[in-house]
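Trainee: I would like to learn how to read a structure like this one. Could we take it feature by feature?

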Amino acid sequence: MKKRINLKKFICVWVLTLIMLLAIPVGALATPKENESQGHGDEQNAIKMEEQTQTKGDYVIQFIVPEEMTEGENELKVIIGQDNKPVESLIVKISAEMDKTDTSMSMKHGNEEKAIVQTMSEDKSGEYSSKIEFKGDGQWNLTVEFLDEKTVFQVHILKGGPNWFVVGGFLGVILMIILVAGVLRYRRSSGGVSNEQ
Amino acid sequence: MNNNTARKNDSFLKRLMGHKLYPGIIQVPVALIFAFVIWELAFGPADPHDNFGTAMTWVLWWPIIPLLFIILGRLWCGICPFATLSDLIQKFVGLNNPVPQFLKKYGMWIIDASFIIITWADHVFGIVGSPRGSAVLLMIIVVGVVLAGAFFERRTWCRYLCFLGGLSGNYSRAGAMELRATPEICASCKTASCYKGNEQAPGCPMFEFPRTMETNANCNLCGYCVKSCPNGSISVKTRIPTEELWSIKKPRFEGAFLAIVILGIVFVQNITMLDIWQGMLETLENLTGTTNYFVTFTITFIIAMGIPILALFFTSFLSHLRTKEGVINNFARFGYALIPLDLAAHLAHNLFHLLAEGKAIFYTFMGLFGTRIESSPALLDTATIQALQYTLIFLGMAGSMYAAYRIAKPKEGKGLVPHIGFILIVALINVVLFYLPMATRM
């Protein structure tokens, strides 16, 4: 090998670069424990969760959903507790229905607003989950039923379309590069200078 | 021997590459499919389960790409849509400036770093699990490709900046196909058309001089040199996979480093898709006092990436006690021996996605026409997939051990034992990881 690599310098540069690169988003996005719940352990780990809590009789019902829900399938979780203890082995049903008071939704989706009903499965003690497919954007009512209790949560579903700001930004940058290169090439060729082989 | 007789004696591969329609005839459909995939990712269903672009990118393309490298070398790079885009940009607005010195010097390190950062970003931002995230990643690459194509000569992006190019360069060293010039014919050549190009074809887009080329690492089998060589010196033939690994004359530390980085990445990919990952996260959350995934994953990532790198440094340290060469030199020489195991572990990991989720490609394709199919996406059962994974790991381990043996042979086998031990430990860890149940992408 032509040149010896300085091991100390190499390790220092690498460690520093990595720490700097990784520390920027970590520092910017770090929040204390109680404000955030964790992800799911696969490649969708970065999903932030939102929590709503209601009390029905002796029961405390925590409703946990992704902070940003878009059209399509979304996983919903319900934690049911009584006297600070999880309530196990319940038959919990969840039904999702478009909010009929949201007139813009009724106009958009016509007769599609039939309620979707599903039985939730118990993942852990007192924790029930289910995946629901939301076929339209806007306000949805989610009704959780167990024993004789019934409680309604509201969620807002976003349109699953592209982020035009991001797409437009990239296209703008690409066009800018092409434009700059084109102008420079034109100037170079009109000036009679070329780097081509 | 006249030209006609010479042509008849050419291998099928050489005749294919010398054909005027090659590689354009493959580039065009690949570019069209890619354009549709990026469109689907950016504008198709937001749910990855329903997105054809996600299935094509992460269930089909990414899993089979290492297989392509081992069978066909860097042929993918020759037909890659990013390379096609770079050529197009260059043709119309390219300034063809020489490649900056820092890119020539540190290109491989940029590739190493970008590979690490992309893997990290995938986990914290959920790139694979989000069609929009995947589209953003591809668009970032497109911006880089356009920039390199517009300002610099040849395929600067592919040679010095593409993270997949770094991976393919390493893997294709173990590949079963090679393109080489015939030194006796080249000795009398005064044109160097293979590098400079002529009216038949452009010069080598990868900045290689085929006349002196001894490695597959930077040959994308575009066939330009086959077309431009006036003496028919170029031959394209099959060879024993991994053969090149022990005949590298100038082992490069950054190349060996990439090999161990890939091993760490596969390790991270595997561990975060296992059921035990949740337990590990919870332990880490208790230790750090935060449930913020950015923090916990970053710590895990640094540890998981650091362990294999430090372990190889330690192995090289033990080995250098016998070989009496520098630790870095030892690292660079033997690091290449890890490539077969890298390939095997990478393939075994991706095999799970391909075989356990392969039908999703068809389901999402049907979804484009409004037909929704709700059925298991698995092509094979878990036990069969695991058997294939173990077989791959065994083959990779055998390939790496043999490569290490051949690398050590010129020095009478000195310093071999620590590296054999390291390969064995890495293979065993992989077997354990593949034994555990894994999460799916779709």
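This is a predicted model: local features need pLDDT of at least 70, side-chain atom pairs count only at pLDDT 80 or more; totals for chains, interfaces and linings use all residues.

Trainee: Which residue forms a salt bridge with B:Glu325?

Mentor: The general idea is that side chains of opposite charge can pair when their charged atoms come close. Here the partner is B:Lys411, and the closest N and O atoms are 3.7 Å apart. B:Lys411 sits in the loop between H20 and helix H21 (416-435) of chain B, and B:Glu325 in the loop between helix H16 (293-323) and H17, so the pair ties together parts that are 86 residues apart in sequence. B:Lys411 is partly exposed at 34%.

Trainee: How many salt bridges does the structure hold over all chains?

Mentor: There are twelve. One of them joins B:Glu208 and B:Arg159, at 3.0 Å from N to O. B:Glu208 is in the loop between helix H12 (193-196) and helix H13 (224-228) of chain B, while B:Arg159 is in helix H9 (residues 156-161), so this pair ties together parts 49 residues apart in sequence. B:Glu208 is buried, with a relative accessible area of 12%, and B:Arg159 counts as buried at 18%.

Trainee: Which residues are linked in a network of salt bridges?

Mentor: B:Arg173, B:Glu178, B:Arg180, B:Arg239 and B:Glu244 are linked in that way. B:Arg180 counts as buried at 12% relative accessibility, and B:Glu178 does at 14%.

Trainee: What about aromatic rings: how many pairs are there over all chains?

Mentor: The count is 31 aromatic pairs. Take B:Phe253 and B:Phe331: their ring centres are 4.9 Å apart and their planes are at 55°, so the pair is tilted. B:Phe253 belongs to helix H14 (residues 253-272) and B:Phe331 to helix H17 (residues 327-335) of chain B, 78 residues apart. B:Phe253 is buried at 0%, and B:Phe331 is buried at 0%.

Trainee: Which residues form a nonpolar patch on the surface?

Mentor: They are B:Phe36, B:Trp39, B:Phe362, B:Phe365, B:Leu368 and B:Phe369, with about 620 Å² of accessible area together. Helix H3 (24-43) and helix H19 (359-367) of chain B each give two or more residues to the patch. B:Phe362, in helix H19, is partly exposed, with a relative accessible area of 47%.

Terms used
Residues are numbered from 1 along each chain as its sequence is written. Chains are lettered from A and ligands numbered from 1 in the order in which they are written. Side-chain values use heavy atoms; hydrogens and water are left out. Patches are made of residues with over 30% relative accessible area and no salt bridge: like charges are joined within 9 Å, nonpolar side chains (Val, Leu, Ile, Met, Phe, Trp, Tyr) within 5 Å. Accessible areas come from the Shrake-Rupley method with a 1.4 Å probe; for residues, only the protein chains shown count as cover. A salt bridge is a side-chain nitrogen of Lys or Arg within 4 Å of a carboxyl oxygen of Asp or Glu. Helices (H or I, at least four residues) and strands (E, at least two) are DSSP runs, numbered from the N terminus. Buried means under 20% relative accessible area, exposed over 50%, partly exposed in between (1.4 Å probe, protein chains only). Rings of Phe, Tyr and Trp (its six-membered ring) pair if their centres lie within 6.5 Å; planes under 30 degrees apart count as stacked, over 60 as edge-to-face and the rest as tilted.
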